[in-house]
Each structure stands twice: as C-alpha cells, then as structure tokens.
Amino acid sequence: MARLVIVSNRVPVPRPRERPQAGGLAVALKEALATREALWFGWSGQTASHTGGSPEIVTVGQTTYATIDLSSEDYRLYYTGFANGMLWPLLHYRMGLAEFRREEWEGYRRVNRAFAHSLTPLLRDDDVIWVHDFHHFPLAAALRAAGAKQRIGFFLHVPFPPLPLFRALPQGNILLRELASCDLIGAQTPSDASNLRDALRGAGFDVPVHPFPIGIEAEEFAREAEKAVRGQDARRLADSLSGRALILGVDRLDYSKGLPQRLRGFAALLRRFPEHRGRVTLLQVAPVSRGDVVQYRALRRELDELAGRINGEHGDIDWVPVRWMTRAVPRATLAGFHRIARVGLVTPMRDGMNLVAKEFVAAQDPADPGALVLSCFAGAADELKGAILVNPHDPDEIAEGLNAALVMPASERRARWTGDIAVLRRNSAAAWAEGFLAALAQIGQDAPRAGGA
Ligand code: ADP
Ligand code: F6P
C-alpha cells in the first residue's frame, strides 16, 4: 500500500502532558490513520524567526509527524490574517466579518510555497498526497511547481458558499486555479460539493468534486464514554446536578458555533417554559480558539457578559442556570459528560460537519439516550435524522427544540437514537478516509491528472 502523506495546518504530534486539541480535522484524521504508513506534515504550532526550513520529525508507530515553524509575521499574515480573518468568515457565509488585506493574501500564498518547499524533499515517488482544509487551497499548485507528480487529493472540512458570495473574495479565481492542480476534491455535503464545483467550473476548471461526509469511530467513542462516566470528573458533574437535567454544549469558542444565539435560546426556554426553571442546567464548554483574531476576542467578552446576565436574571440561591467554561477538557472526559447529558445542544450558524453532534450521539446510553438539538445548518443535519432540527437564528425555535427534547419520552429518544447510531456506525472515520482515498486512486488510473507536471 502506498504511503499516505497528509498535509494540514494543525498536526497533532503526540506530546505528553499537552493540552487537548479542540478541532474536528485533527480528531477525524487521527482516527483514520490507524492502519497505514503515513507522513503527516504541517505547522508545529510554534513561531520562530523564520518560516519553514527542515521539519522537526517525530515518529510514533507507523506515522511520522513532520512540522515546521512559522515566523511571527507569517503567523499574523497567513493564519490570523488571511485564513482566519478572511477565508473563515467567507466560507461560513459571514462576509460582514471578513477583512481582506493584500499583504495577508500574499503572506498566505508565500506560506503555502514554503510548505511545498519543506515537504518536497520528504516525498517518495509512489506517495499519495492528501491536503486538508482552507489553509492550503494553493498547496497542490505549489507542490506541482516544485516537481511533485504524485496523486494529490484535497478535502475541505468547512462549508463552501454559493458562487455569488464566493465572488466577493478578491483574487478568488487565483485560489481556484491553484486548487485545480489537485486530482480530486472532497467536501462535507452534497451542497458544499456543488457550490465548490460551480465555482471551479465558473473559473474554467473541471476537477472532480464529490461529497465525502466525515465520520467518527463511534464504537470507540461509546466505549470511552462508558468508561469516563464512572471517572472522577463525570461523577463530580453528575453529583453537582442534584437531579437536574443537563443540557450540554461543547465547541471551540468561535462565532460560527452560534454561542450567543444558543445562550439566548436557553434564556428563552426559561422564560417561555417556566416548568423547567430550577430543573435544568446548561453546561457550555468552549475553549478559547484563535484568540489573536479580533472578532474572537469580542465574542468572548460578549459571552462572558451574556452568561452572567442570564444567571443574574434567572438564577437562584441554590441554582446557577449556565455553567460557562473557556478551557479545553480532554476528549475522553467530554465523552463522559455527553453520556450524562439529557440534551446535546449543537447550534452552529454554519458548520462543515460538526463532529460534536456525532460524538454526542455515539456517547449515549442505548437504554436511556439523551436527545440532540441540532442546527439545520450543520453538515451533520444531513445524516442525523433523529435530531430535533432548529434554525439557530431564532432563540424561540431553540427554546422550543430544547423543550421538546426535555419532555421527550424514553421510547421516542431510543427510536431516534437507534437510527442515528446506525448511520454513525456505517460511516466511520476510517470508512470516510478509505472512501476518499479509493476514489482518488481510481481517478489516477482513469484519466491524466489535471495540471500534472
Ligand atoms: P471544529 O472542527 O470547527 O472545531 P467539530 O465539532 O467538527 O468542530 O470538531 C471539534 C472537535 O474538537 C471534536 O472532536 C470535539 O470533541 C473537540 N472539541 C470541541 N470542543 C472541545 C472542548 N471544549 N474541549 C476539548 N475538545 C473539544
Ligand atoms: O475543522 C475546521 C478547522 O479549521 C480545522 O482545520 C482546524 O484544525 C480546527 O478547525 C481548529 O482551528 P484552529 O486550527 O485554527 O485552532
């Protein structure tokens, strides 16, 4: 079997005693890698005096991790600037939050060339290269320019907006041309794939683009949840609830996750359905993410205030309605929290997939599963038909969804959960990766490669 070379901005190099990484990409890929020889290349997460150079190499089992540093300036231009200040809001349909700066655009492309430069000497002729996410739209073209002839696939973990919105990106056609150096492009949902295909075709490129919805290792997560629920943290949480129903939110602190709207939805529940007052607790775990981006700092302030206001207005001497935590919690511990929760509250304004929704379902006790309240704008809504779907723009709809979940009889919860867990078991992380790589291998055999050297 050919070696798999993964390229992504974040690389979860196993380091003892490191904080857990919140982010779907690292989680899904790590689970998908278990069975093959792989090289995983990307940013070290550190800044230094220069970008690039010889990668730092760590090998664990069959996986070699190779990472390079970014200069502080490139971190600002490429990561904080173009990737997270321009592309992220654009791809999540939030053009009003996007800021384009020519120097950031140039920094982004320069970093991608530096990635290609550092990666090329590590490549073998028969490698299969799989590039991930919006940080690396130009990478395939940079690798081709450096002489790479290997098959290259690309997977977009986040949504892709309709063409008229994408056209707001200055120089967008250059990005599409560079992306077109790949042999196959994957997206999370049929609508993301169709938007991306339209954009590429509109710019004159006919690369295959198909949906490959990302999965999780549901059985493994379920085992983790079963174990964690007996652990100290889960027991502390369960005891502290004093019999109240737990509503759980778990997200990076990101405006795409709809956190202020979610808190307003919870407040609307307490106002409109007073029978739940004093009987429910919302625990929202939202570790700080991209704290150097100004919009993210503003969001944190807004949420600190909102959580305080709701607690002030609705709380009682023996009841704090919202528990608000901005530090990361190990994924295994979260698995136990999911299992304790009566309701999983996952209401992004827009999300490529949203693995948290899938993790909530996987973690449930089959005999007494909780109910999932899910945004209709999460990619996961295409698959999880047992969820209660809500429009996250409407706090009243969130409140009604929460009420429906809280009063739902156990028999209905079991029926909904049984359908959803079957979907998750079929589409595991490994099946997702194998599906994409099989399609990539096929394309390499059927036709000459687009943009191949
Ligand atoms: P995104 O990739 O936008 O962060 P996803 O929901 O797809 O969103 O993936 C998030 C991943 O990160 C999940 O596997 C989840 O368990 C993990 N995660 C999310 N929030 C936290 C948190 N508060 N602490 C630790 N891990 C988290
Ligand atoms: O899943 C989308 C994504 O942007 C990943 O590419 C990324 O690793 C994750 O969210 C977390 O974001 P960041 O790497 O910027 O902390």
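Select ligand 2 first, together with the 12 residues that surround it, a residue counting as near when one of its heavy atoms lies within 4 Å of the molecule. The closest of them are Arg10, Tyr79, Asp133, Phe134 and Arg290. This is a predicted model, in which local features need pLDDT of at least 70, side-chain atom pairs count only at pLDDT 80 or more, and totals for chains, interfaces and linings use all residues. Residues are numbered from 1 along each chain as its sequence is written, chains are lettered from A and ligands numbered from 1 in the order in which they are written, and side-chain values use heavy atoms, with hydrogens and water left out.

Now show the polar contacts (pairs of N or O atoms within 3.5 Å; within protein, one must be able to donate a hydrogen and the other to accept it, and residues adjacent in sequence count only if both atoms are side-chain atoms). An oxygen atom of ligand 2 is 2.7 Å from a side-chain N or O atom of Arg10, a polar side-chain atom of Tyr79 lies 2.6 Å from an oxygen atom of the ligand, and for the side chain of Asp133 the distance is 2.5 Å. Taken alone, ligand 2 exposes 380 Å², of which the protein buries 90%, the areas coming from the Shrake-Rupley method with a 1.4 Å probe.

Next, select residues 294–314, which form helix α11, helices being DSSP runs (H or I) of at least four residues, numbered from the N terminus. Its buried residues (under 20% relative accessible area, 1.4 Å probe, protein chains only) include Leu299, Leu303 and Ile310.

How values were computed:
Helix = DSSP H or I, 4+ residues; strand = E, 2+ residues; numbered from the N terminus. Expected span 1.5 Å × (residues − 1). Buried < 20%, exposed > 50% of the residue type's maximum accessible area, 1.4 Å probe, protein only.
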